[in-house]
Amino acid sequence: MLKLKRIGIDTHRESIVYLNRGCTLYQPEEFQALAKIEVVGPGRQMPATLNIVDDPVLLTPDELGLSEEAFRLFRLPEGTPVSIGHPRPLESLEAVRAKAQGHVLSAADYNAVIRDIAALRYSKMEIAAFLVACASFMTTEEVLNLTRAMAAVGHRLDWGDKWVVDKHCIGGIPGNRTSMILVPLVMAHGLVIPKTSSRAITSPAGTADTMEVLARVDIETDEMRAIVERIGGCLVWGGRVNLSPADDVMITVERPLGIDTREQMVASILSKKLTAGSRYLVLDIPVGPTAKVRSQGEAIRLRKLFEHVAGALGLTLETIITDGSQPIGRGVGPVLEARDVMAVLRNEPDAPADLRERGLLLAGALIESDRDVKGGQGIRRARELLESGAALRAMERIIEAQGPASQKLEPSTQCHEVTAARTGVVEAIDCLRIARVARMAGAPAFKGAGVDLLKKAGEPVRAGEPLYRIHAGLKADLDFAAELATQDSGYLVDGLVDGVATA
């Protein structure tokens, strides 16, 4: 038997185990060609990917090293005796091969594939094969079956007879932190909204990253339930609640490959809303030239697919198509976005008007799901709750219930300004470019990093006047972000790409 050893390596949601090449209990080369191996311990077994180690200081021949993710999942202490072996053949891979050949898969096929993915039996190569095969062709019925399969392996929350509402934005717009405004507004009205949100993978900030500036978000299911029962809502990281574990695994492959089809988007979002116990969902689809959805026609097709699948799942869905032509608010990056959110909730006179109005619009739609609220009165009610301070008090209850952030974070002090090369009017702002500059500056790893937008579309600008300010976590990050902005600032001033990086 090998002895478990915790190796301090972050493999980000992938279970990796390590075996010394000099191991005499097993022949490492025998397992090296396998996509996965099986690790067996007292009352536990886990599929994992094997790496071979030559350094005897890191790992002795009688030890099996576990990455941080593998150690978390295996839940056995260091020194526990374990064995390794060949995994059983995956019958569900036949369905993946059939899909790659253009066949329509059955509900049973999707259930088998998703069960194995959620159990971490698939390698990244096998997950990629499944995703690419599905991206090439899926029927509407297949999307429904995939969504059901993903929900079936998740931890489903049951809120009894409570009217539970939720909101989701398909993303792609920097600074669009409407959830952090909407949740306290809806709570203040009296509806239940257990909001789970994602962390950023390729963007400068997810809602969970931004909320973490204010409060603890890494919360287990039982604690989340207790918080919602007590105050009526929450804003937590969905990765800890385990609503759709197969989706959490597939996302780690989708994002690097740039796979983001309508079908997979629908299955991902609705499987999580179903397991969260939501009964009424408002879906925000921003449309713009550099957003995820580029045209009104594309938005309508996406809306119809969402409506069909949601209806079959018994989920009431309202879709709102919004303006995605430029970033929302001023800040892009966790601390800067949290600043904007709190400015709105505090009714500060210089709070970003576009963020405030977008939050009120979406909150109003959810409030109108209350049978006691007349049609068309939801946004008025939301505005009353905001202006009276009720929404701010609800946010303060969320922060207290989840636990305030351990330290007060501020925007990074290493700054660079990107200025206009000419006098004119800002015609457009490239969402993708601004997000990339903010990401290059260190967001979200450095929560104080990002981009502070000083000019928005439609505003006049003079030559030499700042368009935006880059906040960076490290000097090297600042140099990278400034160089990227010099190549293309992402700003269009009177028909020409504008912007010059200056110290």
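Analyst: A pocket is an open set of grid points with protein on both sides within 12 Å along at least five of seven lines, and a lining residue has an atom within 4 Å of one of those points. In this predicted model, the second largest pocket has 18 lining residues.

User: Which of the residues lining the second largest pocket lie nearest its centre?

Analyst: Those are Val 213, Leu 214, Met 342, Arg 346 and Lys 408. The pocket holds about 370 Å³ of space. Helices α14 (334–345) and α17 each supply at least two lining residues, and α14 gives the most, with 5.

User: Why is the pair of Tyr 110 and Phe 130 called edge-to-face?

Analyst: Two values decide this. The ring centres are 6.3 Å apart, and the cut-off for a pair is 6.5 Å. Tyr 110 sits in helix α4 (residues 107–118) and Phe 130 in helix α5 (residues 124–136), so the pair ties together parts 20 residues apart in sequence. Both Tyr 110 and Phe 130 are buried.

User: What makes the pair of Trp 163 and Tyr 280 tilted?

Analyst: Here the angle between the planes is 45 degrees, with 6.1 Å from centre to centre. Stacked needs under 30 degrees and edge-to-face over 60, so an angle between those limits is called tilted. Trp 163 is in the loop between α6 (140–152) and β7 (165–169), while Tyr 280 belongs to strand β10 (residues 280–287), 117 residues away.

User: Which residues have the most contacts inside the largest nonpolar core?

Analyst: They are Met 211, Met 224, Leu 345 and Met 395, in a core of 66 residues. Helix α17 (residues 390–402) contributes the largest share, 8 residues. Leaving aside neighbours within four places in sequence, Met 211 touches residues including Met 180, Leu 235, Met 395 and Ile 398.

Technical notes. Residues numbered from 1 in each chain as written. Predicted model: local features only at pLDDT ≥ 70, side-chain atom pairs only at ≥ 80, totals over all residues. Heavy atoms only, no water. Core = buried A, V, L, I, M, F, W, Y, C linked by side-chain atoms within 4.5 Å. Buried < 20%, exposed > 50% of the residue type's maximum accessible area, 1.4 Å probe, protein only. Helix = DSSP H or I, 4+ residues; strand = E, 2+ residues; numbered from the N terminus. Contact = heavy atoms within 4.5 Å. Phe/Tyr/Trp six-rings, centres within 6.5 Å; stacked < 30°, edge-to-face > 60°. 1 Å grid on protein atoms, 1.4 Å probe; cavity = no way out; pocket = protein on both sides within 12 Å on 5 of 7 lines; lining within 4 Å. Points joined across faces, edges and corners; volume = space filled by probe spheres on them.
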